[in-house]
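The sequence and structure come first.

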Amino acid sequence: MTLKETDHVELLIIGAGPAGMAAALAAAPRGLSIAILDDNPLPGGQIWRDGPHAQVPKQAQDMRRQLQRLSNVRLHSGCKVVALAGPKRLLLEDAERGWLLSYNRLILCTGARELLLPFPGWTLPGVTGAGGLQALIKGGLPVADERIVIAGTGPLLLASSATAQKHGAEVVRVAEQAPLSAVAGFAAGLWRWPNKAIQAITLASAAYRTSAHVLAALGTDRLEGVRVQVGDKVEELACERLACGFSLVPNTEIARALGCTVRNQAIVVDEWQATSLADHYAAGESTGFGGSELALVEGRIAGLVAVGERDKARGLWAERQRWQGFADRLNKAFSLNPALKNLAAPETVVCRCEDVRYADLADHGSWTRAKLATRCGMGACQGRICGTAAQTLFGWDPPLLRPPFSPARISTLACLDEGDSV
Amino acid sequence: MPELSIDGQPFRFAQGTTVAAALMSSGDRCSRTSVSGQRRAPLCGMGICQECRVSIDGLRRLACQTICRDGMQVETQP
Amino acid sequence: MTNAATLQGHAADVIVIGGGIVGAACADELASQGLQVLVVDCQRPAATAAGMGHLVVLDHSAAELALGEYSVRAWRELAPQIPNDCAMRTNGTLWLACNEEEMAEAERKHAALSEYGLACELLSGAELANAEPSLRSGLLGALKVSGDGILYAPNAARWLLQRQSSRVAQRQAEVAEVQGNRVRLATGEWLQAPAVVLASGIYARELCPDLPLQAKKGHLLITDRYPAQITHTLVELGYVTSAHKGNGPSVAFNVQQRPTGQLFIGSSRQFDNHNPDVDAAMLGRMLRRAMDFLPGLGEMNGIRSWTGFRSASPDGQPLIGEHPHQPGLWLAVGHEGLGVTTATGTARLLAAQMLRTPPPLDLEPYLPQRFIGARAHA
């Protein structure tokens with residue numbers, strides 16, 4: 001056995017966004033050994049992403065500092081979970097090595113990704129996710145003097161727009177698919193969450209249109225313009241970038257592989273943030289979209305429960321309830337217009353890894369049949385983009401992800417060998 | 001200013017820049033050529049879509065989850 | 001045998017259960033002989049989708065060599081018609097020798113295959129290093145079998161099922177019971193035909209429990225796309241001399257580079273394990289073995305792994321022919337890891353028996369009678 005080479009921690013947290021950091025800080029005072037894994041180079045998750053062009057909020061900076069001071073908490077950045085390696089043991093990989101880590105308790109704070117739906121031209125260079133553009137700008141992408149169209153749904157569009165404007169871009173259109181009535185109703189209720197209301201006002205933009213969605217990205221070698229449906233009118237706008245986000249999809253792959261119940265694309269948790277699997281907890285966006293405040297309080301509850309502090313955890317239920325109310329309103333206001341499922345043309349590429357077109361897929365009836373016949377989902381993203389799109393477009397359920405959970409070096413995967421060989 | 005190489009061309013970067021941001025600011029601002037020959041650029045920016053996978057010092061890695069380092073060799077051709 | 005005009009009460013001339021590569025090849029061959037065929041398949045995960053699609057002539061026995069050689073030749077004859085998406089290539093197999101024992105096996109195999117008329121040649125260690133520079137140094141040599149190939153079997157099966165669409169009908173349905181030439185679907189509906197062919201691989205025992213078939217679980221992994229690393233399918237001779245001997249779990253080096261540039265890595269073997277989940281330790285062991293031969297693999301990214309089940313008979317040869325106790329029920333099962341390779345030959349041996357035409361090979365070694373005796377089972 002190679003068990004002696006297995007690293008061990010009492011509490012493992014996957015994800016160093018708001019939920020993961022809050023969980024670690026809540027659990028740490030009990031003194032047990034804690035490891036946080038995150039596949040990004042720096043902690044903060046998507047919302048508190050750091051970089052040369054990022055201004056990380058004070059709360060995030062404080063939390064990072066506190067974590068750094070704790071001798072019983074270690075952070076593995078740039079580290080991916082590659083496979084399950086037996087009960088309560090995971091295979092991990094970073095830039096240098098692959099290794100095994102075992103744990104007693106696990107908190108999944110794996111966050112969410114953007115729902116990216118195919119439409120004509122979405123493969124052109126210049127098209128990114130909305131949160132994706134924000135992340136790339138924070139990571140040093142210059143956008144000064146570029147014309148940018150942002151389309152999709154939800155407050156993320158405004159956040160992305162604000163980031164782009166702050167870095168000198170001209171945001172020529174923010175196309176929100178939800179109708180004005182829904183957006184206005186949502187905004188009118190924001191007085192109950194005062195700091196959110198302030199955010200919304202800061203983010204408001206003259207380029208903002210409701211009942212508006214992208215029809216096509218235009219251009220030959222790269223993006224030159226965007227065709228947008230605004231109400232019953234179609235407009236064409238010249239631009240250098242298009243950033244699209246059609247809502248968020250919880251990252252549940254690891255939870256599903258572990259055997260945790262996942263429903264409506266989110267990890268199912270009880271009032272203690274416990275999943276259906278003993279000793280396994282989940283918090284934040286991977287349990288359903290709710291924003292950073294909800295993620296923080298869920299993370300604190302999960303961290304406390306994981307170290308046996310149920311009384312303290314119970315004291316946070318009211319706060320969680322309050323932010324859950326915000327999340328519920330938000331998800332209702334920005335629910336997706338079914339018309340967005342029909343943006344792809346027959347020749348639109350759906351699977352970007354294997355260049356499989358919409359017309360090649362539509363007739364196959366199930367994900368597995370389509371995959372075997374067309375190679376859709378057989379590429380490096382392992383169906384995360386096209387499988388999620390096919391689920392939205394065709395209602396096909398993607399199958400359970402098998403190892404590796406993300407592309408990993410063969411030498412890393414060989415660490416799963418339990419034999420005597422070196 | 002530190003410098004890395006993208007397909008043999010030098011590129012100067014600010015400390016903390018991701019390789020994805022570097023790729024999108026140099027050359028044809030793309031990261032790879034697709035199976036059917038289309039040029040592609042980073043899409044999701046957060047380690048999901050794999051459009052930004054490039055060879056970095058000989059290993060295939062995600063540009064959006066890699067921070068530029070002085071002397072790094074980045075190759076975009078698969 | 002009836003023809004289309006006199007089907008009276010029959011669903012077709014022949015009902016084929018299973019639309020994998022063996023069922024598809026049988027349907028295609030029977031249709032070529034003028035029969036109306038109905039293929040019933042319930043789209044369960046099965047070996048055709050899981051396997052490596054290695055067209056390879058093995059010679060554990062004279063029967064294996066005869067069927068393999070005939071079948072691979074038949075595939076090569078089909079090649080000009082096979083669509084691009086079936087990714088067929090005649091890339092040849094290199095059987096790698098690590099030690100004297102394996103080199104002796106290479107020489108024995110060379111003699112046996114040459115005698116049978118197969119194009120093959122022995123490579124020295126230096127010639128091997130020249131032919132496949134990505135292999136680790138120090139290998140003793142190899143046997144090159146030039147006529148072997150690779151194929152993407154799911155699309156090949158689809159093509160075989162579709163290319164004679166006027167004679168081959170397909171139906172997505174689960175078969176719940178078989179009685180001779182009658183078939184009961186899970187919906188309760190009965191179908192019958194003059195002949196029923198059972199070609200459902202590892203699932204055949206559910207319908208015909210007296211079949212002596214054992215599941216052998218295998219693991220596979222595929223990498224991202226890379227520039228050319230290897231040209232032949234590379235298999236260690238330990239595959240036959242040691243690695244897959246006996247009944248314990250085993251791994252053997254078996255790697256091909258797909259036309260996509262992806263490296264496709266096998267192989268593992270586990271008995272009495274019916275769990276389709278990837279077994280992490282087995283996967284690790286298989287990849288460790290692959291890295292022993294191709295050190296550069298270690299730095300490449302694996303993107304998917306999966307498992308499949310080979311359906312093996314006690315002597316390793318398929319059962320091709322009419323069931324001894326069930327007139328009208330024909331068997332095309334028990335191909336172990338060679339279903340893709342021998343699908344073409346299986347189809348012709350089956351059709352020859354059904355239509356009473358001269359068979360291209362001696363039928364005897366493949367007849368079900370060798371396991372299912374004259375005495376009716378309980």
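How many salt bridges are counted between chain A and chain C? In this predicted model, the count between chain A and chain C is two. One of the two joins the side chains of Asp417(A) and Arg288(C), with an N to O distance of 3.5 Å.

**The interface of chain A and chain C**

The contact involves 30 residues of chain A and 33 residues of chain C, and the two chains bury about 2500 Å² between them, of which 57% lies on carbon and sulfur atoms. Across this interface, 14 residue pairs are in polar contact, with both residues at pLDDT 80 or more. On the side of chain A that touches chain C, at least two residues each come from helix H12 (367-374), strand E22 (408-409) and helix H14 (410-413), and H12(A) gives the most, with four residues. By class, that side of chain A has 16 nonpolar, six polar and eight charged residues.

**Salt bridges over all chains**

Over all chains, a search of the whole structure finds 43 salt bridges. Among them are the following pairs within a chain.

| Pair | Distance, N to O |
|---|---|
| Asp62(A) and Arg65(A) | 2.9 Å |
| Lys216(C) and Glu336(C) | 2.7 Å |
| Arg289(C) and Glu236(C) | 2.7 Å |

Asp62(A) and Arg65(A) are separated by about one helical turn, because they are three residues apart in helix H2 (residues 58-69) of chain A; Arg65(A) is partly exposed, with a relative accessible area of 41%.

The pair in chain C formed by Lys216(C) and Glu336(C) ties together parts that are 120 residues apart in sequence, because Lys216(C) lies in strand E13 (residues 214-225) and Glu336(C) in strand E20 (residues 335-336). Both Lys216(C) and Glu336(C) are buried.

Arg289(C) and Glu236(C), which also form a salt bridge, lie in helix H9 (residues 280-293) and strand E14 (residues 233-236) of chain C respectively, so this pair ties together parts that are 53 residues apart in sequence. Arg289(C) counts as partly exposed at 27% relative accessibility, whereas Glu236(C), at 0%, counts as buried.

Salt bridges that share partners also join Arg352(A), Asp355(A), Arg32(B), Arg40(B) and Glu51(B) into one network.

Terms used
Residues are numbered from 1 along each chain as its sequence is written. Chains are lettered from A and ligands numbered from 1 in the order in which they are written. This is a predicted model: local features need pLDDT of at least 70, side-chain atom pairs count only at pLDDT 80 or more; totals for chains, interfaces and linings use all residues. Side-chain values use heavy atoms; hydrogens and water are left out. Contact means heavy atoms within 4.5 Å. Buried area is the accessible area (1.4 Å probe) that two parts lose on being put together, summed over both. A salt bridge is a side-chain nitrogen of Lys or Arg within 4 Å of a carboxyl oxygen of Asp or Glu. A polar contact is a pair of N or O atoms within 3.5 Å; within protein, one must be able to donate a hydrogen and the other to accept it, and residues adjacent in sequence count only if both atoms are side-chain atoms. Ala, Val, Leu, Ile, Met, Phe, Trp, Tyr, Cys and Pro count as nonpolar, Asp, Glu, Lys and Arg as charged, and the others, Gly among them, as polar. Buried means under 20% relative accessible area, exposed over 50%, partly exposed in between (1.4 Å probe, protein chains only).
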